[in-house]
Amino acid sequence: MAEENVSGVSEAEIAVHWQEEDYIYPPASFIRQANLTDEGIFERFSLDNFPECFKEYAELLDWDKYWETTLDTSNPPFWKWFVGGRLNACYNCLDRHLAADKNKSAIHFVPEPEDESTTHVTYQELFVRVNEFAALLRDFAGLKRGDRVTLHMPMVAELPITMLACARLGVIHSQVFSGFSGKSVADRVVDSESRVLITTDAYYRTGKLIDHKEKADIAVDEAAELGQTIDKVLVWQRYPGRHSSPTPMVEGRDFSVNELLPDYRGARVAPVSLPAEDPLFLMYTSGTTGKPKGCQHSIGGYLSYVAGTTRYIQDLHPEDVYWCMADIGWITGHSYIVYGPLVLGASSVVYEGLPTWPDAGRPWRIAEELDVNIFHTSPTAIRALRRSGPEEPLQYNHDFKHMTTVGEPIEPEVWRWYHRVVGKGKAVIVDTWWQTETGGFLCSTVPALGAMKPGSAGPALPGIHPVIYDEEANEIPAGSGRAGNICIRNPWPGAFQTIWRDPDRFVANYYARYCKDEKSTDWRDWPYMAGDGALQAEDGYYRILGRIDDVINVAGHRLGTKEIESAALTVGEIAEAAVVPVSDEVKGKVPDLYVSLQPGFEASDALQKTVSSAVVSEIGPIARPRKVLIVPDMPKTRSGKIMRRVLAALSNNEDVGDITTLANPEVVEAIRQME
Ligand code: WTA
């Protein structure tokens, strides 16, 4: 069985219910140039042609050895794709493009300070830098196939360089979002048993050069306490030639990459030919209860799936300039800043800073300068840009053919602004629904084939066959107006292979709930449960409502309520903590943190601040609660369970419903008085 939803409240339950919207059709100018205009794709990728249909994606790659079995289902639900095949992800992203495209920019690095110029890294230059760094990783750091290495890097060109160097050697990279704290890094270092941490001295954020190296020191100390030793910390310099952090390097443990690199000048490392099923990377994400889980993605299946979806859904052509404004520290950045665009040989923009820095015109100036024609961002960023500069995009001559939204439901009103103002009414929009676990998009319109419907992700992608189940595993039909748990009937190559070192949790969280027969090796018996509430309209379009588990989607970033609650409990005065999602105009959802105190302590502003800082230092600033509410007691059931649903209603100014069955209904009014 799946773990119980212990919070008693889900985002789906408090989700807004939007009306049906009218269709908007892709313009002829887009359709004329699109990669995919053949309706036949849905037939080619129907369940009748499963799994062989996915060959079409895998054949976008160069294989050292062609696979023998497209899908091996012998050990469900640990599906294996392209078994027997061998390839190298770095070779596919770099070497194979050199013959025709070595002079082309692979990466445009845009620093946050506007007076620093953009760096254009050609495929040839990227090839050289990746090879030299791969030699360093192998010969200096002693890393080899199958080792895990934790990266804690900001949005600089050195991050894709590091990832590709790892991929070249078969080293499994685990990049942790740079905004996460040293303690969060430590947890991921310990879980992945990394001996090497790769970081940067400093980076720019909102006009300040932030000390990033200090987090590495915390990470190493905390990891050591938890039993994992980091032997080497490799520190890239934001400004090569100088250490830009006030935190000193630790002799014998910390090494400046830029100082070591001259020893590897001209080095070439042969790409290691690896089985398709070897892991490419881990990406930690929050899930139902407990610690973050390391989603393990394969080389062959993952890369095939991002290649296919980048080509067909992002409509990326080799000559396009593509800017995904996500962070590479999240799955969106892995799939659609680094691996997808580079595997197809396009040019990908890496922007260091905040979209609204120094003002809301910044993204449009960048787009104009680089002539970006595909733009990709989240509803949170769109809402923030709309709020700070509603007419700003109209001042610029950027010209997008295609725009993407990802990470959270987008309000139809916000969608229309994105379409009319940012896209100037002529860019197509894809609203892509997917997850860290799924490697690539699951639902979206095919941009030249499907009409857009604001607020709906659209139908499933070719080869993806969703089903919505109710609690009793009955299928909820399209057009019924009822929501349920969205699942995918079939495996697909981008799906993660397992949770690192926790296969039982992998099965329990994603497959057990709707499994029809645990002994069966037929994939039809093992639907994948995404953990989102959704409903399907008459026309087949899916509307995603939000998480059904204990995850809060803050500004498109997944945070576990348990992680935030545990952080609060590190403060000695706190007896109990409960986190609930609150609707926010810009960020979609933000956490409110309710705490009760141990006997003998008094509520104070200082204590609220201490709790808030504890959350920031344990997890990172993105988890900072909107409010810390010190309550006399938590509303509880007679069996002592905290009623988070009631707290969520209070925080969202909604009706608390029937509370007469609570053990302490009077406390609800007392809390309401505090708000
Ligand atoms: C949510 C990000 C509505 C959803 C790629 C999912 C969305 C979680 C959409 C995954 C969308 C993602 N519309 N909701 N287009 N895209 N979500 O793992 O709740 O960071 O389960 O992956 O974000 O977040 P993750």
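Buried, in this talk, means under 20% relative accessible area, exposed means over 50%, and partly exposed lies in between, with a 1.4 Å probe and protein chains only. By that rule F82 is buried, at 0% relative accessibility. F82 lies in strand β2, residues 80-83; helices (H or I, at least four residues) and strands (E, at least two) are DSSP runs, numbered from the N terminus. Although F82 is not a glycine, its phi is positive, at about 55°.

A word on the source. This is a predicted model, in which local features need pLDDT of at least 70 and side-chain atom pairs count only at pLDDT 80 or more, while totals for chains, interfaces and linings use all residues. Residues are numbered from 1 along each chain as its sequence is written, and side-chain values use heavy atoms, with hydrogens and water left out.

R501 also has a positive phi, about 60°, without being a glycine. R501 is partly exposed, with a relative accessible area of 48%, and sits in the loop between β23 (498-499) and α16 (503-510).

I turn to the cis peptide bonds. One joins F50 and P51, with omega about 0°; P51 belongs to the loop between α2 (40-44) and α3 (55-58). Another runs from W357 to P358, with omega near -5°, and P358 is in the loop between β17 (347-351) and α13 (362-370).

Next, the ligand. Which residues are closest to the ligand? They are D431, T432, T436, D532 and R558, out of 17 residues that surround the ligand; a residue is counted if one of its heavy atoms lies within 4 Å. The side chain of D431 places an N or O atom 2.7 Å from a nitrogen atom of the ligand. For T436, a polar side-chain atom is 2.5 Å from a ligand oxygen atom. D532 has a side-chain N or O atom 2.6 Å from an oxygen atom of the ligand. On its own the ligand has 530 Å² of accessible area, of which the protein covers 97%; these areas come from the Shrake-Rupley method with a 1.4 Å probe. Elements giving two or more residues to the shell are α12 (331-343), β20 (428-432) and β25 (542-547).

Now D320, in the loop between α11 (300-312) and β16 (321-324). D320 is buried, with a relative accessible area of 5%. A polar atom of the D320 side chain lies 2.6 Å from the backbone nitrogen of H317. Leaving aside residues up to four places away in sequence, D320 touches D315, A346, S347, N373, I374 and K401, where contact means heavy atoms within 4.5 Å.

E21 is in the segment before α1 (28-33). Its side chain makes a polar contact, at 2.6 Å, with the side chain of R416. A polar contact is a pair of N or O atoms within 3.5 Å; within protein, one must be able to donate a hydrogen and the other to accept it, and residues adjacent in sequence count only if both atoms are side-chain atoms.

Finally, the cysteines. How many disulfides are there? The count is zero, a disulfide being a pair of cysteine sulfur atoms within 2.5 Å. C166 is buried at 0% relative accessibility, and C487 is buried at 0%.
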